[in-house]
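Student: Can we go through this one together? I'd like to start with how the chains meet.

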Amino acid sequence: MVMQEFNQKFFQELFEAEFKGLCYFAVRYVKDIDTARGIVQDAFVQLWEKRETIDVSRPVKSYLTTSVHNRCLNYLRDSRKYNERMVEIEHLSEVEGDYGSDLIAQKELQTAIKNAIEELPEKCKQIFLLSRNENLKYQEIADKLGISQKTVETQMSKALQHLRTRLSAYLPAALIWFFLLTK
Amino acid sequence: MYYLHNATMEESTTYYDNLIARYLSGEATPEQIQEISDWLVTGPENLAHFEQLHKVWLLTTRDAIDQNVNLTKEWNQIATRIKTEVPVKQMPARKPGQKMLIWAAAAAILLLTAIPGIYFFLNNQTTLISATTSGLIYDLPDGSKITLKKGAAIEFDKEFGTGNRNIEMTGEAYFEVKHMSEIPFTISGGEARIQVLGTQFNVRALPNEDQVTVVLTSGSVSLWFDANNKKSTILKPGEKAEMNLREKKIEAGVNPDVNYMAWKTRQLRFENSSLNEVMQAISAVYEINYQPLSQSLSACRLTASFDNMQLQEVLDVVGSTLDLQFTFDNNTIKISGQGCN
């Protein structure tokens with residue numbers, strides 16, 4: 001009949017469940033949210049186009065993740081930003097504490113992040129949020145606020161240092177092994 | 001360097017701090033990325049420093065994505081990339097002055113989970129349309145119109161309207177077929193075939209039913225099963241045919257159900273109908289369940305007609321006529337009362 005296993009309802013549910021998570025996955029590689037969501041969109045469109053040849057008895061999510069992963073690496077290569085060591089280091093650095101399953105700890109962490117951002121001096125906070133939450137480039141922030149790119153750079157760096165200091169309790173280290181292994 | 005309380009903003013930022021911030025913000029050049037990479041492996045303290053900044057960046061990334069990624073917008077863009085441009089409008093004249101909804105507007109509200117609407121998808125070969133709410137009218141490329149009931153889906157290919165007029169469907173739909181003698185309009189519901197030249201009729205081909213039901217309003221249609229060498233049954237206006245998918249048999253006769261179109265028109269007519277018949281019709285039109293009736297309630301009969309009324313109004317009339325009370329429990333109507341023995 002008309003409806004296949006892989007129908008539009010399934011596709012839409014998949015989209016709703018996975019889109020943001022895959023953006024998070026992609027932005028870790030490409031560092032830019034617009035690029036990340038473009039990549040994830042491409043992966044979904046391709047999935048739809050290939051739906052008839054995809055084995056739906058296997059997790060479609062892993063198909064999508066692989067597709068996004070490859071697209072991210074291709075993007076990095078194409079823009080000459082691919083650095084194998086950085087990918088490896090960041091991959092190890094990501095090993096998170098067990099906050100994912102602990103709702104109270106997660107909430108506490110969210111509050112801590114929010115407070116730490118609130119503590120930033122007004123200008124610094126503004127620059128940080130324009131970069132992170134508005135996804136603006138350094139140059140765009142500089143133009144918008146009528147300041148130099150250099151100022152944006154310093155303020156961004158200061159914001160990160162401040163957050164690092166304030167959130168150090170939530171930043172368990174994992175990378176030291178990498179150093180020992182590469183020696 | 002690590003002071004936790006009353007932190008001031010006097011943290012010094014070094015050359016590499018700035019570089020790392022640049023990198024994490026997607027601003028670093030390929031050369032700068034290489035520079036960071038080389039610097040990181042010159043000592044564990046560099047790695048530890050990078051790791052902390054990287055983790056901070058990760059911690060603020062989920063928020064950044066929530067702020068930047070609008071699922072409705074993303075979905076619309078995806079839908080645009082995989083669908084055909086086809087206008088859809090909502091059933092006219094339910095309320096006077098109600099605006100027609102075109103596809104773009106429908107798309108904008110599509111995503112807020114379980115929203116009424118029609119979904120379109122296109123691959124290279126076919127267009128698939130499925131309705132998540134009743135009464136949406138779809139204009140086919142050949143100028144014919146289909147009104148889809150909630151849950152109905154139709155599929156047709158690129159050649160539709162030029163090379164063929166073949167449609168596959170499940171669910172229930174009302175067809176107003178444009179006259180086009182050179183290309184017959186054929187509907188497939190499983191192996192059942194319904195062919196017309198230009199007419200109006202209602203087709204019900206529910207996935208959980210063993211039969212396809214066709215009720216003809218005007219014109220004429222020809223019905224057959226592929227397995228039966230195209231031995232066909234011709235239906236006349238006012239007639240209803242039941243096509244038994246299992247036995248490949250077609251039974252045709254006068255349509256006894258005056259309310260077969262009520263899901264589309266919201267016009268209900270009851271003439272000395274049993275309360276069971278009444279509740280069945282109400283349940284179909286308003287997409288609501290009802291609890292089985294007690295024996296004394298089953299004996300009640302109703303003569304009444306309702307023209308595009310709200311469910312509550314209909315129930316008020318039925319209730320005051322037969323002295324019944326209706327209560328709602330989780331999309332199910334519970335009926336109580338003395339009954340009609």
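Student: How many residues of chain B are in contact with chain A?
Tutor: 60 residues of chain B are in contact with 59 residues of chain A, where contact means that C-beta atoms, placed from the backbone, lie within 7 Å. This is a predicted model, in which local features need pLDDT of at least 70, side-chain atom pairs count only at pLDDT 80 or more, and totals for chains, interfaces and linings use all residues. Residues are numbered from 1 along each chain as its sequence is written, while chains are lettered from A and ligands numbered from 1 in the order in which they are written.

Student: Which helix gives the largest share of chain B's side?
Tutor: Helix α3 (residues 44-59) of chain B does, with 11 residues. Helices (H or I, at least four residues) and strands (E, at least two) are DSSP runs, numbered from the N terminus.

Student: And how does that side divide into nonpolar, polar and charged?
Tutor: Chain B's side has 30 nonpolar, 18 polar and 12 charged residues. Ala, Val, Leu, Ile, Met, Phe, Trp, Tyr, Cys and Pro count as nonpolar, Asp, Glu, Lys and Arg as charged, and the others, Gly among them, as polar.

Student: New topic. At what angle do α6 and α8 of chain A pack?
Tutor: Helix α6 (residues 122-132) and helix α8 (residues 149-166) of chain A pack at about 95°, their axes 9 Å apart. Axes are lines fitted to C-alpha atoms, for helices over the stretch in contact, and angles run from 0 to 180 degrees between N-to-C directions. That angle makes α6(A) roughly perpendicular to α8(A), a label for 65 to 115 degrees.

Student: Which residues make that contact?
Tutor: Among them are A:Ile127 and A:Phe128 of α6(A), and A:Val152 and A:Met156 of α8(A).

Student: What about the sheet in chain B, what is its strand order?
Tutor: The order is β17-β20-β19 in an open sheet with mixed pairing; strands pair if DSSP finds at least two bridges between them. β17 (289-290) and β19 (324-329) of chain B are at the edges with a single partner strand each, so each has one side without a neighbour in the sheet.

Student: How many bridges join β17(B) to β20?
Tutor: 2 bridges, and β17(B) runs parallel to β20 (residues 332-337) of chain B. B:Tyr290 has B:Ile333 as its bridge partner in β20(B).

Student: Which helix lies across β19 and β20 of chain B?
Tutor: Helix α10 (residues 311-322) of chain B, at about 140° to β19(B).

Notes
Contact = placed C-beta atoms within 7 Å. Parallel < 35°, antiparallel > 145°, perpendicular 65-115°, else oblique.
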